[in-house]
Amino acid sequence: MLTKLDLSGQLSYITGGSRGIGRACMETLAEAGSDIAFCSTTDQLRLDDVATEIEQKYSVACLGIQCDVREPEQVKLAYKRVNKRFGRLDVLVNNAGVMQTALLAMTSFESMREMMDINVNGALLNLQLASRLMARKQRGSIINISSIVGRVGSEGQVAYAASKAAILGATASAAKELAPMGIRVNAIAPGFIDTDLLMGFDAEAKKSVLKTIKMSRIGQPQDVANAALFLASDLSSYVTGEIIGVDGGMLV
Amino acid sequence: MEFDENKLRAVFAEALGIPEADVVPTLEYNTIPQWDSLAHMRLIAEIEDAFDIMIDSDDLIDMSSFAISIDIVRKYVDEA
């Protein structure tokens, strides 16, 4: 059974991989033996340092690419680099995203546009290009990182919730379209996870959210990465079009 | 890598499941049941793999006949 978790010889590409959930996914997939490519807007020198760190820690190859997912040319170039270096793509963790919180009436159009550009258009472009590389080998697993608010909404997050709901629609549609090519597409909908995105929440707000979590703890990036490993591996070889909630029971 | 029209013809034949003799310049997308949208994606994947190129989405959409595909694939191979 454990051999099904072995990703040796595979290549996983993680967008927004330098920190938070992306970083946890990157380390977890590397620990399972996968070579890693990741992108981030962080400066290239820092990305090279992270890549070296991953290579030394897990004895896998790792390539860091500076890329803004809002820029189609940069995204295309990133896939060209991935293809040139590794010649394959087995797993995409489509994670790059931003969250801006404001009441609907106070949400600027710029903020709406930024979240749509990064969380939706950037994710769609990665989905498109990754699936084309995967189609060459007639196999692959795409893991879209959505959010619990894309399923049930949240006050003060209308635009963010809209962007994350869009990812769920894209996941279902792409799963149908790409299944004949051996490509699985699933989504993870994290709940309240301890990342930089929570910096905007004050102690009172955190306490209030904590009351809605049946498991009575804030999730860790590793909780999401564990689900990503399942979806990346052959343990989920007959799973596509699904949304896995990693939320400690917020929806129960 | 040099562009090789015969190689492209062979890829078309293999991806679409038709004889190489049927892969003529006038062969067009959606004019035979074997070249539908799903087959087009399979075809593009096999062309990219065979010639070690990555075709932009706009060109992918433009590749609506074997004749046009020759020009487009040749462009990528020459640029590589």
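Because the model is predicted, local features need pLDDT of at least 70 and side-chain atom pairs count only at pLDDT 80 or more, while totals for chains, interfaces and linings use all residues. Residues are numbered from 1 along each chain as its sequence is written, chains are lettered from A and ligands numbered from 1 in the order in which they are written, and side-chain values use heavy atoms, with hydrogens and water left out.

Helices and strands here are DSSP runs, H or I of at least four residues and E of at least two, numbered from the N terminus. Leaving out residues up to four places away in sequence, Tyr13(A) touches, among others, Phe38(A), Ile65(A), Tyr79(A), Leu89(A) and Asn126(A), where contact means heavy atoms within 4.5 Å.

Helix α8 (residues 221–232) of chain A has 12 residues and spans 16 Å from its first C-alpha to its last, close to the 16 Å expected (1.5 Å times one less than the number of residues). Its buried residues include Pro221(A), Val224(A), Ala228(A) and Leu231(A), and what covers the buried residues of α8(A) includes α1 (20–31), β5 (140–145) and β7 (243–246) of chain A.

In chain B, helix α1 also has 12 residues and reaches 16 Å, close to the 16 Å expected. At its start, a side-chain oxygen of Asp4(B) comes within 2.9 Å of the backbone nitrogen of Asn6(B); after the helix comes Gly17(B), whose phi is positive, near 70 degrees. Leu8(B), Val11(B), Phe12(B) and Leu16(B) are among the buried residues of α1(B), and the buried residues of this helix pack against α2 and α4 of chain B.

Over all chains, five aromatic pairs are found (rings of Phe, Tyr and Trp, the last by its six-membered ring, with centres within 6.5 Å; planes under 30 degrees apart are stacked, over 60 edge-to-face and the rest tilted). Phe3(B) and Phe51(B) are stacked, because their ring centres lie 6.0 Å apart and their planes are at 20 degrees. This pair links parts of the chain 48 residues apart. Phe3(B) is buried at 15% relative accessibility, and Phe51(B) at 3%. Phe12(B) and Phe66(B), with centres 4.9 Å apart and planes at 80 degrees, are edge-to-face; the two residues are 54 residues apart in sequence. Phe12(B) and Phe66(B) belong to one aromatic cluster with Tyr29(B) and Trp35(B). Lys7(B) lies over the face of Phe51(B), 4.8 Å from the ring centre (NZ of Lys or CZ of Arg within 6 Å of the centre and within 35 degrees of the ring normal).

Finally, Arg132(A), in helix α4 (residues 109–137) of chain A, is buried at 6% relative accessible area. Beyond its neighbours within four places in sequence, Arg132(A) contacts residues of chain B including Met41(B), Glu48(B), Asp56(B) and Leu60(B).

Note on methods. Buried < 20%, exposed > 50% of the residue type's maximum accessible area, 1.4 Å probe, protein only. Polar contact = N/O pair within 3.5 Å; in protein donor to acceptor, adjacent residues only side chain to side chain.
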